[in-house]
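Subject: Structure for you to look at

Hello,

Here is the structure I promised to send over. Please open it next to this note and follow along.

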Amino acid sequence: MLFNSYIFLLLFLPLCLAGYFICSAWGKYEWGKLWLTGMSLWFYAWFNIRYLPIIVGSIVGNYFLYRIILGHRGRQECRRRDLYLTAAGAAVNLGVLFYYKYFDFFLENINALFHLDLALQHVLLPLGISFFTFQQIGFLADTYRGETENYSFIDYALFVTFFPQLIAGPIVSHDEMIGQFRDKEKKKWDAGNASRGVYAFVCGLAKKVLIADVFGKAVAWGFGNLESLNGLAAVWMMVSYIVQLYFDFSGYSDMARGIGFMFNIEIPVNFLSPYRARHLVDFWRRWHITLKRFFTRYLYIPLGGNRKGALRTYFNLFLVYLASGIWHGAGWTFLCWGALHGGMYVLVKRFLPAIEKLPGVLTWFVNLVFVLFTFVFFRADSMEQAFYILQKAAGGGYSLAGIPVAFAEQFRTPEFFYCLKTLRVDRLGGGMFAGAVLCDYMLMCGYMAAAWFLLLFCKNVTEKTQRFRPTAAKGIFVAVLYLWCLISFSEVSAFLYFNF
């Protein structure tokens, strides 16, 4: 079920909220958690009922291991056995993830390396498997370290399945979520939190529907017609993709946090205006924050962190970003993206004092160009395609007139196109810019300018909700934005991170 769908907004969410707070009003707190868990499983199964046994089996298996390890707490003679159980649990979780996400990629490379013809499995990738797998691996590791409490099965199941963050994160930890599910004070309807949640949710919805999806159409057309692009069109497509990716994924995170507020639950922040970052170290403090936090806690620190000398520290840092690339997908493009970010992160970290003395605008621009070019590998279907796009971008042809008309048409949104026609703009111009074509190019430039104004100069949704106070003006703003999004649902699209 998509956040940006009628069934979610008009049926699922109101029903879920009503059932949860009715149970709480009656003092049936366990019923409320059971209701929320059941609704979350319905939310997950809506995409494909075949996904349901996978996540249910994962929850039951991991909880069983957790109870065994928890039962040994305080018994020193069981520490080695618990370590083996934790390692076995992590291996099984990773094995399931490997089968569904990486097995065909593994077979393809075995076939290519040894000239074999092993049949690919073409298994269906369960939605959110990377997120709930890592979440549960972290839980088992924390249990071994004695950092978890005695949680009931329903507490654990709700921790894993809580629907706002189930499909595309943020990656949450037990210590920041289960305590909130248990807190009776958080089970009372709070109008202030609800209004803050609606505000965050609608802002995130607008980021997805009104911005990301528009740029997404242009990106999809560009990647499907690469031979038609000149240098400027290739660069425009690359910039459109990083705009799409940010507004799509951060929009989901804002919606998840907004829904959390409605339930009086604080979901961790996942983005903090990353395209304002002065350098790559700063960028990764702002981008997909919970993923970096996970790898820092469960990979970087166990490998020794910064405790074993500079060389080992830099190697550990590189592994974190390499693992991040592998986590995102099965392909050499993701591996390359992770390696590029890991290598550059190490260089920036090494020379950070000198870099911070340089003009901020210069380091910001260099970092943004690096992010722009590396995200080509993140989006490309193959290494060959990625290099072809970069070659196109560097190959010349930088006139606006050289951008294909069909590419500019992807920015033709009915509401703005109608406004331009009402102003008779379509009757202006000459040559290739005559008529409706002029409107398309104006919309293309207008969308790009507006997007970067929001990215660089406006407060992000997290900043706006920190000291949120409901007012009549905000209410009107949210209502208009919400109705605008509803009208734009005619072309509903899934979130990009559903693929990961």
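Ala 408 is buried, because its relative accessible area is 0%. One caution before going on: this is a predicted model. Ala 408 sits in helix α19, which covers residues 405-409. Leaving aside residues up to four places away in sequence, Ala 408 touches Asp 440, Tyr 441 and Met 444. Leu 456 is another matter. It lies 48 residues from Ala 408 along the chain, and the two C-alpha atoms are 24 Å apart.

**Helix α11**

Next, look at helix α11, residues 231-262.

How many of the residues of α11 are buried? The count is 31 of the 32, so the helix is largely enclosed by the rest of the structure. After α11 comes Asn 264, with a positive phi near 65 degrees.

**The nonpolar core**

The largest nonpolar core holds 150 residues. Helix α11 supplies the largest share of this core, 20 residues. The residues with the most contacts inside the core are Phe 8, Phe 163, Phe 201, Phe 263, Tyr 275, Phe 375 and Phe 411.

Take Phe 163 from that list. Not counting residues up to four places away in sequence, its contacts include Phe 3, Phe 8, Phe 12 and Phe 43. Phe 163 also touches Tyr 252, Ile 259 and Phe 263, among others. Leu 13, Cys 16, Leu 36 and Ser 40 are on its contact list too.

**Salt bridges**

The structure holds 18 salt bridges.

Start with Asp 254 and Lys 207. Their closest N and O atoms are 2.6 Å apart, in a salt bridge. This pair links distant parts of the chain: Asp 254 is in helix α11, Lys 207 is in helix α10 (residues 191-224), and 47 residues separate them. Both Asp 254 and Lys 207 are buried.

Lys 208 pairs with Asp 213, with the closest N and O atoms 3.0 Å apart. Are these two buried or exposed? Asp 213 has a relative accessible area of 15%, so it counts as buried. Lys 208 is buried as well, because its value is 1%.

Asp 142 and Arg 145 meet through their side chains in a salt bridge, 2.8 Å from N to O. Asp 142 counts as buried, because its relative accessibility is 0%. Arg 145 is at 37%, so it counts as partly exposed.

There is also a network of salt bridges. It links Glu 30, Lys 33, Glu 149, Asp 155 and Arg 182.

**A nonpolar patch on the surface**

Last, turn to the surface. Nonpolar side chains tend to be buried together in soluble globular proteins. Here, Leu 113, Phe 114, Leu 116 and Leu 118 form a nonpolar patch on the surface. Together they have about 410 Å² of accessible area. Leu 113 lies in helix α5, residues 103-114. Its relative accessibility is 58%, so Leu 113 counts as exposed.

Best wishes

Definitions and conventions. Residues are numbered from 1 along each chain as its sequence is written. This is a predicted model: local features need pLDDT of at least 70, side-chain atom pairs count only at pLDDT 80 or more; totals for chains, interfaces and linings use all residues. Side-chain values use heavy atoms; hydrogens and water are left out. Patches are made of residues with over 30% relative accessible area and no salt bridge: like charges are joined within 9 Å, nonpolar side chains (Val, Leu, Ile, Met, Phe, Trp, Tyr) within 5 Å. Accessible areas come from the Shrake-Rupley method with a 1.4 Å probe; for residues, only the protein chains shown count as cover. A salt bridge is a side-chain nitrogen of Lys or Arg within 4 Å of a carboxyl oxygen of Asp or Glu. Helices (H or I, at least four residues) and strands (E, at least two) are DSSP runs, numbered from the N terminus. Buried means under 20% relative accessible area, exposed over 50%, partly exposed in between (1.4 Å probe, protein chains only). Contact means heavy atoms within 4.5 Å. The expected span of a helix is 1.5 Å times one less than its number of residues. A nonpolar core is a set of buried Ala, Val, Leu, Ile, Met, Phe, Trp, Tyr and Cys residues joined through side-chain atoms within 4.5 Å.
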